Amino acid sequence: MLEKEQILLIIYFTVIILFFIIFGIVFFVAFQRRKNKLLVEKLRAEQRFEDEIFKSRIEIQEQALKNVSWELHDNIGQLLSTAVMQINILGTTIDEKTSDALEDVRSLVGDSLQEIRNLSKTLNNEVIHNIGLEKSIQVELDRFEKLRFLKTKLSVIGEEFHIDAKDEIILYRIIQEFFSNTIKYAEASNLEVELEYASNNLNIRVKEDGVGFDMKSVQANSGLLNMKSRAALVKADYEYKSAPGKGVSLLLSYPVKG
């Protein structure tokens, strides 16, 4: 009888010990899940905060560019327009030989005025909204051609579809940053842009045939970081490649938002 009670007591304590072990495991798993959930929420909150900060920076930059655009168009553009008018008036009061020289000046000022207007368009996001991504890129490429910086080419594949206006601006600014780096550093002769409107993506390929650089030895500058950050903001896949003597290429794959 005593042996039976001992067995029951052992079973009783074993059950209690197992209960506490199971309870401990369940509590630990629940604690870890809760901890992991809080960590994920914290990371998401930090990412949202960083995204909001970056969006604010972009909005400030866009407003600054818009202000510069207005200044170029309204003030400097107006001054150059007045200069053209004054030259035209002056041309009626001088001899033919001097008039020919003055015509060269008038042409130079007129070209400068047109360049100011084109540059103004590429800086003003409202203009980009109105004319669209493709035409905005073409305006910039035409400007490079006119200034004889390099030869350019724009190819469009597929049927154009609607892109969110804010995303369109961000995509254009990424491309514009690539253009800026090309003009400043690349020593390129050719610049090509391809827009491929696929079923699920807008694939943007930009490449130039300049001197290139070793990506392992060159630290990313603010321009490269800006391009990558902007791409992440619109959830576009971003690929930037270069090698010495091989030029630079950029691939953006922007997902269609249904």
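**View 1. Asn203 sits in strand E3 of a predicted model.** Strands (E, at least two residues) and helices (H or I, at least four) are DSSP runs, numbered from the N terminus. Asn203 is buried, with a relative accessible area of 12%. Buried means under 20% relative accessible area, exposed means over 50%, and partly exposed lies in between (1.4 Å probe, protein chains only). What does the side chain of Asn203 make a polar contact with? Its partner is the side chain of Ser253, at 2.9 Å. A polar contact is a pair of N or O atoms within 3.5 Å; within protein, one must be able to donate a hydrogen and the other to accept it, and residues adjacent in sequence count only if both atoms are side-chain atoms. Setting aside neighbours within four places in sequence, Asn203 is in contact with Glu194, Leu195, Glu196, Ala198, Leu252 and Ser253. Contact means heavy atoms within 4.5 Å.

*Reading the model.* Residues are numbered from 1 along each chain as its sequence is written, and side-chain values use heavy atoms, with hydrogens and water left out. Because this is a predicted model, local features need pLDDT of at least 70 and side-chain atom pairs count only at pLDDT 80 or more, while totals for chains, interfaces and linings use all residues.

**View 2. Leu202 belongs to the largest nonpolar core.** A nonpolar core is a set of buried Ala, Val, Leu, Ile, Met, Phe, Trp, Tyr and Cys residues joined through side-chain atoms within 4.5 Å. Helix H3 (125-146), helix H4 (165-186), strand E2 (190-197), E3, H5 and E5 each supply at least two residues. Which element gives the most to this core? H4 does, with 9 residues. Leu202 touches, among others, Leu133, Phe161, Leu171 and Tyr254, not counting residues up to four places away in sequence.

**View 3. A second, separate core has 7 residues.** Its members include Val84, Ile87, Leu102 and Val109.

**View 4. Strands E4 and E5 run antiparallel.** E4 covers residues 237-242 and E5 covers residues 248-255. How many bridges join them? There are 6. Two strands pair if DSSP finds at least two bridges between them. Glu239 stands opposite Leu251 in E5. The hairpin has 5 residues between the strands, and Gly245 there takes a positive phi near 80 degrees.

**View 5. Tyr240 takes part in a tilted ring pair with Phe213.** The structure holds 9 aromatic pairs. Rings of Phe, Tyr and Trp (its six-membered ring) pair if their centres lie within 6.5 Å; planes under 30 degrees apart count as stacked, over 60 as edge-to-face and the rest as tilted. The ring centres of Phe213 and Tyr240 are 6.4 Å apart and their planes meet at 35 degrees, so the pair is tilted. Phe213 lies in the loop between strand E3 (201-208) and helix H5 (222-233), and Tyr240 in strand E4, 27 residues apart. Tyr240 is buried, with a relative accessible area of 12%. The rings of Tyr238 and Tyr240 also have centres 6.4 Å apart, but their planes are at 10 degrees, so this pair is stacked. Tyr238 is partly exposed, at 23% relative accessible area.

**View 6. Four phenylalanines form one aromatic cluster.** They are Phe19, Phe20, Phe23 and Phe27.
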